[in-house]
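Me: I've got a model open on my screen and would like to talk through how its chains meet. Can you take my questions one by one?

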4 protein chains.
Amino acid sequence: MRALRLIADWNPRIGYAPSAYEEETRRTYSGAKVWRHPRLELCQMPDPAPGSHDVLIEVANCGMCGSDMHMYEADADGYILYPGLTRFPNIIGHEFAGRVLAVGARVRTLREGDIVTVEEIQWCGRCVSCRRGYFNQCDNLEELGFTTPGAMAQYIAVDEKYCWKLDPIAERTGSVDLALTLGALVEPTSVSYHAMFVRNQRYLPGNYCVVFGAGPIGLAAEALALAAGCALVVVVDPSASRRGSAVALGAHHVLDPAHIDLDLALLELSRGRGFDMVVEAAGAPQHTIAPLRKSLNVDAAICYIGRSERPTPLPLEDYQVRRVQLYGALGHSGQGAFQNVIRLMASGQLNLRPMISAAVALDDAPAAFKRLESREDAKILIRPNE
Amino acid sequence: MRALRLIADWNPRIGYAPSAYEEETRRTYSGAKVWRHPRLELCQMPDPAPGSHDVLIEVANCGMCGSDMHMYEADADGYILYPGLTRFPNIIGHEFAGRVLAVGARVRTLREGDIVTVEEIQWCGRCVSCRRGYFNQCDNLEELGFTTPGAMAQYIAVDEKYCWKLDPIAERTGSVDLALTLGALVEPTSVSYHAMFVRNQRYLPGNYCVVFGAGPIGLAAEALALAAGCALVVVVDPSASRRGSAVALGAHHVLDPAHIDLDLALLELSRGRGFDMVVEAAGAPQHTIAPLRKSLNVDAAICYIGRSERPTPLPLEDYQVRRVQLYGALGHSGQGAFQNVIRLMASGQLNLRPMISAAVALDDAPAAFKRLESREDAKILIRPNE
Amino acid sequence: MRALRLIADWNPRIGYAPSAYEEETRRTYSGAKVWRHPRLELCQMPDPAPGSHDVLIEVANCGMCGSDMHMYEADADGYILYPGLTRFPNIIGHEFAGRVLAVGARVRTLREGDIVTVEEIQWCGRCVSCRRGYFNQCDNLEELGFTTPGAMAQYIAVDEKYCWKLDPIAERTGSVDLALTLGALVEPTSVSYHAMFVRNQRYLPGNYCVVFGAGPIGLAAEALALAAGCALVVVVDPSASRRGSAVALGAHHVLDPAHIDLDLALLELSRGRGFDMVVEAAGAPQHTIAPLRKSLNVDAAICYIGRSERPTPLPLEDYQVRRVQLYGALGHSGQGAFQNVIRLMASGQLNLRPMISAAVALDDAPAAFKRLESREDAKILIRPNE
Amino acid sequence: MRALRLIADWNPRIGYAPSAYEEETRRTYSGAKVWRHPRLELCQMPDPAPGSHDVLIEVANCGMCGSDMHMYEADADGYILYPGLTRFPNIIGHEFAGRVLAVGARVRTLREGDIVTVEEIQWCGRCVSCRRGYFNQCDNLEELGFTTPGAMAQYIAVDEKYCWKLDPIAERTGSVDLALTLGALVEPTSVSYHAMFVRNQRYLPGNYCVVFGAGPIGLAAEALALAAGCALVVVVDPSASRRGSAVALGAHHVLDPAHIDLDLALLELSRGRGFDMVVEAAGAPQHTIAPLRKSLNVDAAICYIGRSERPTPLPLEDYQVRRVQLYGALGHSGQGAFQNVIRLMASGQLNLRPMISAAVALDDAPAAFKRLESREDAKILIRPNE
């Protein structure tokens, strides 16, 4: 099959000593400290062979994600930007939908022809964290497209237990194509859903919500906030084109954080009472959540999705006085995020179609990576079988 | 001022012995066992005199509620149907909006000209239940329109602490009239909100919801379910005209419970997985929730609003096997129900305008009570100052 | 190895038509409608052969459970009393602790010599319920000792993912023997824990708790209530000897339900405010929870563990007025019940040693079943390797 | 009556401009920026005159609190250390118990002779925060002993709604004296209770808990953790004498944070899994919670009680990866904290008697303040009527 691989050199930075396990497996939790000179390669590879619990999927659409960009982009010293769990070379891509071509001997719930999307979190289902129901914190975590082969390829084999059927979307919209398009957005949307409704257990319809960052995760958060009945949804992003996307999806207000007193501006937008839900999807907490004080309503919940390596100075005194809670959120598995996102897409309450700015063939994927360097696009889909 | 009073005779049923406190105060928790021969009377009364914490309100709209009908209607022996806390004669009416005409000396947050709606639950704010935050379970409960003068009158005086401003609706819709109309629906809608989102702490957007009863409480529940992102909303009611109202508000499906296997029909509508949230607003639990078994999804929540005097046989074995929870819900005070409902009306996410079937002057109120005996109307508003 | 098997005849009652799947697999969800003439048999069987994910365990102690008795006891027509999921012949026994003798090739977290206890719920970890974290509601549920071979045998092979180490108990008490004894009580205690603290999310230390039923599940509930800081723990049981066990474990009060007004008696014991947590572990809800009205505090939680086939008439009006919630609870898997129970045993805060009334060798197990018919004993342990 | 007043001069720091309201009322939210040259004064004052909702209390015991010390102590420039809401001169003291001497005309639930303790948070019960049930965030907050007369006096008059009866303690222990002694500890203990069990909604018995700070709040947190079934309770404090107090109350381990890697030390004490509940009662978050990374278990909850003016750098990346939540917690009102603490004291599950290091007459109070400067004592009680 045709596939897009990312290749990089194992070349630990001076001062970083990989463990024996890292050396042996070439698998590291500290990608940016080890992998150098990343480059994309379109290549021909053997078709994947599904195991007894696996299904073989023909990939219809695979979205390009910020993490993909951070594996592709390098810093001044040539090291990749992505700081997390990685192993190269690897086929990348983890936001996808496709059609089941074949099923393993022990597969019970799927069959040939089913249309599905797949969790990126490859939880073991056996460790203590998984037994507690915290799959995103699996002790033996693998990540599809990071440590296991991803979906920027014609085919992929994955365990049935990570798959979710897209039939409800196809049936209610009458379009399998639409289901396979929206289906590629389920994974990133579920990351936002998990942070806002599974991690944050204080959400009430009618709440006021501010979303930091109008990249795909932030835009999905915005759309979810609207679908779930947030009565005021404000999106903050320094990029005018991204704010434009936020407006297109229905944001009540957008804010450019440059040259304003963020706390004061948000206080005013909330008519003096402050926001109930704060979603950090910008990865810049020192500039987004750190300044918030008066603009946090009593009992506000901060849902933290954006990654950031350095400690963030937070005004805990205000968190006390205002009864604030902060939830670290990662991943999308467990507690029905995928299922509920698919249901919301099927019912039409969550319309993320406007987020998709382009769809390209696999041969054009390297050019699309180049194009996305400017961060003008919201979401580009790759279609490996077109 | 002009007012509509309900008068009834203190005439305890044989076998019911009122307590000394009941005899002395003519205030009883067992209305249907005591009050006989109810009749409405349009009369002239002194204007209310607001105390230091009170505001004087000019009533713009006051909705007619099922409880009002049950105080007005009598059984074969002449006793009122309403079983609860009552004292007569009393001005009835508790779903209303109006304009502040004057404020008491210690009022801090309201001023002349403000437009407001008011909680029916008159909680003391001092007892142990109130101190726990459970205002609806106040140990010294009074109920506006039941034991204290209600709003089917030109004016009413109420403690500031029960009032909520309707400005957000007026500002976002640009219409004070609309705010004063929708404002009269905030109280019943908050009863549904409290049951579905405050009492039920397991709600997740994308859930499937079935509502029993398409009276005003049920219709409000339906509209809230849609606004909060329920991906499938089914309303069950034996009345064709009420099912019509449910369709007009956007229900995905309506069901006539007659001549069907309710459990099976709901199982099918949910594509075999069952419902996540069940709202009982029909007051007939033996016919609505009692039959539900397979149509309850794993982790389903039953929100019980409808009143019923007799014990209801429930299939607890299924509640075990399916991890079901049942929440008794009453009232609307506390935890922001009023505030959030007003916000949802302001944002346009909750449009209950179609629920209002008529608006009449106070002089026509007795005729409207007569008309509502057939239960064809969804919600009739009385306008005491027109 | 030596094992105790339960044998019964597949002989569906007149009027019960087994499904084709039931006929084919001889596995039914309706045990009491199918299995007849149960009898115990001590026999010699091949040692179990652990699969790649399994561990082979030498059983030290296996408790006799009420469910075991209900599979062993027959009604007037000769049918077993146990109504649930069963397949015979089968080695019974599911409350046990033992030592790991060997581990499969893919076992990661256990090794020879480890001392463990094991979940009875054999969840698949793959179905939609498991993916939501609701393992007890697994769509492909198997139950150890009911449909898969149990622990009243010298050895048992089980998947590593159901095992929990008892080391914390051994280390803090200094006794491996004690860990292997208390370890056999972890499973039933976790059933109570799951109902009281995982299902009931409103528990607060200082709450008042009433437990119905002083069998092993009820006694474990009592001990947990005390360990978790319930300030008043009342146990209700008609058997004087069982009430004696409750007293021995530290109950503040015990009640004989015969000849009293249960609601009134409980109201008085709670000093007029009512109970916050109600645990039904008697399997007789029509006699235990159905009468509770005034003795339920505002915001009370009813944790329903006891099985009952018939619908139970419940006073929903009181549940409304008092803001009551009812949680159906089944099983013990997920959300850390086993882990936390083991920790509480290790710290000494949960001392269930007094619950154990006898320990017998496997050859004496049939006699122990006979003896337990009188329900005088709290918990009898079987020691298959003594 | 005899009373202990704290006097200070209104002398705003250079650079701090009080608002007109502050100037007019001499009431400020920024005590340390305004009040200078604090001094204690024993004086004769008129007995308080209770209003219609008030009770007059004869103070039996009043604890000395860290906040009292911070109002009494000054920095190098002579300004008080306490940063919060204050008005002087004022009778200080807010942790107390006493006997009702007289009740106002509208008091319903208390009568002469009742023994009570009192909330320090003087919530209005009328503002939007109070109506949501968030009394500690009252928009019109007053604080007993800070802005209203406190309890280091023979008598005090307070609104009935802030009082809680101590009868359960007297009845179960048989000692009114003991009830009046322990009763003075209810307020600070309720601060810890509120943070650990009301704010933190993820607590499960068997959890591992680490408490930072072994002052009265921290020691109360430790005792509560033990009473509520924490299976491992570790207390961290740099003072050897305070660690001694922690040991006396039953801590499983105590740690001196000096010269150790705190994160590593805690990881080891938790057997490699990390802690589930972290209580910050040291007021030094940059040294206590900021370093925690690996020692936080998956799903850990950080309960933040300690005050700190400056932003605290927190490792949000770890909060994401480990699914951590942080709760700002302040106050003790609402949701039953006082009631449950009193119940736990009554049942004997919470024994804080060892925390009390001395009891002195009111005339000796100034000397006791002097003595407490060394922070050797855990809790000194003042007895104004001895």
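Me: How many salt bridges does the rule find across the interface of chain C and chain A?
Reply: Bear in mind that this is a predicted model. One pair that crosses here is E160(A) with R126(C), whose closest N and O atoms are 3.7 Å apart. That falls inside the 4 Å limit for a salt bridge, and the count for the interface of chain C and chain A comes to four.

Me: Which residues of chain C lose the most area to chain A?
Reply: Chain C and chain A bury about 1800 Å² between them, with 47% of it on carbon and sulfur atoms. On the chain C side, three residues together make up 39% of what is buried, and they are R126(C), R131(C) and R132(C).

Me: Which element supplies the largest share of the side of chain C that touches chain A?
Reply: The contact takes 23 residues from chain C and 23 residues from chain A, and twelve residue pairs are in polar contact between the two chains. On the chain C side, α3 (128-131) and β10 (163-165) each supply at least two residues. The largest share is three residues, and it comes from α3(C).

Me: How do the residues on that side of chain C divide into nonpolar, polar and charged?
Reply: Sorting the side of chain C that touches chain A by residue type puts eight in the polar group and eight in the charged group. The nonpolar group holds seven.

Me: Within chain C, which residue is the bridge partner of I57(C)?
Reply: Strand β3 (residues 54-63) of chain C runs antiparallel to β9(C), and five bridges join them. Strand β9 (residues 155-159) is mostly covered, with four of its five residues buried. The partner of I57(C) in β9(C) is I156(C).

Me: Moving on to chain A and chain D, how much area do they bury between them?
Reply: The contact takes 44 residues from chain A and 44 residues from chain D. Of the area buried, 46% is on carbon and sulfur atoms. The amount that chain A and chain D bury between them is about 3700 Å².

Me: Which element gives the most to the side of chain A that touches chain D?
Reply: The rule finds 29 residue pairs in polar contact across the interface of chain A and chain D. Elements giving two or more residues to the chain A side include α6 (186-199), β15 (296-304) and α10 (316-321). With five residues, the one that gives the most is α10(A).

Me: Which residue of chain D meets E317(A) in a salt bridge?
Reply: Across the interface of chain A and chain D the rule finds four salt bridges. In one of them, the N to O distance is 2.6 Å, and the partner of E317(A) is R307(D).

Me: What stands opposite Q325(A) in β17(D)?
Reply: β17(A) is joined by three bridges to strand β17 (residues 325-328) of chain D, and the two run antiparallel. Opposite Q325(A) in that strand stands Y327(D).

Me: How far apart in sequence are the parts that D75(A) and R13(A) tie together?
Reply: D75(A) forms a salt bridge with R13(A), their closest N and O atoms being 2.7 Å apart. D75(A) sits in the loop between α2 (66-72) and β4 (90-91) of chain A, while R13(A) sits in the loop between β1 (2-10) and α1 (20-25), so the pair ties together parts whose separation is 62 residues.

Me: Are D75(A) and R13(A) buried or partly exposed?
Reply: Buried would need under 20% relative accessible area. D75(A) has 26% and R13(A) has 24%. So D75(A) counts as partly exposed, and R13(A) also counts as partly exposed.

Me: Back in chain C, are R202(C) and D299(C) buried or exposed?
Reply: The side chains of R202(C) and D299(C) meet in a salt bridge at 2.8 Å, N to O. R202(C) is in the loop between α6 (186-199) and β11 (208-212), and D299(C) is in strand β15 (residues 296-304), 97 residues apart. Both R202(C) and D299(C) are buried.

Notes: Residues numbered from 1 in each chain as written. Chains lettered and ligands numbered in written order. Predicted model: local features only at pLDDT ≥ 70, side-chain atom pairs only at ≥ 80, totals over all residues. Heavy atoms only, no water. Contact = heavy atoms within 4.5 Å. Buried area = accessible area lost by both parts, 1.4 Å probe. Polar contact = N/O pair within 3.5 Å; in protein donor to acceptor, adjacent residues only side chain to side chain. Nonpolar A, V, L, I, M, F, W, Y, C, P; charged D, E, K, R; others polar. Buried < 20%, exposed > 50% of the residue type's maximum accessible area, 1.4 Å probe, protein only. Pairing = 2+ DSSP bridges.
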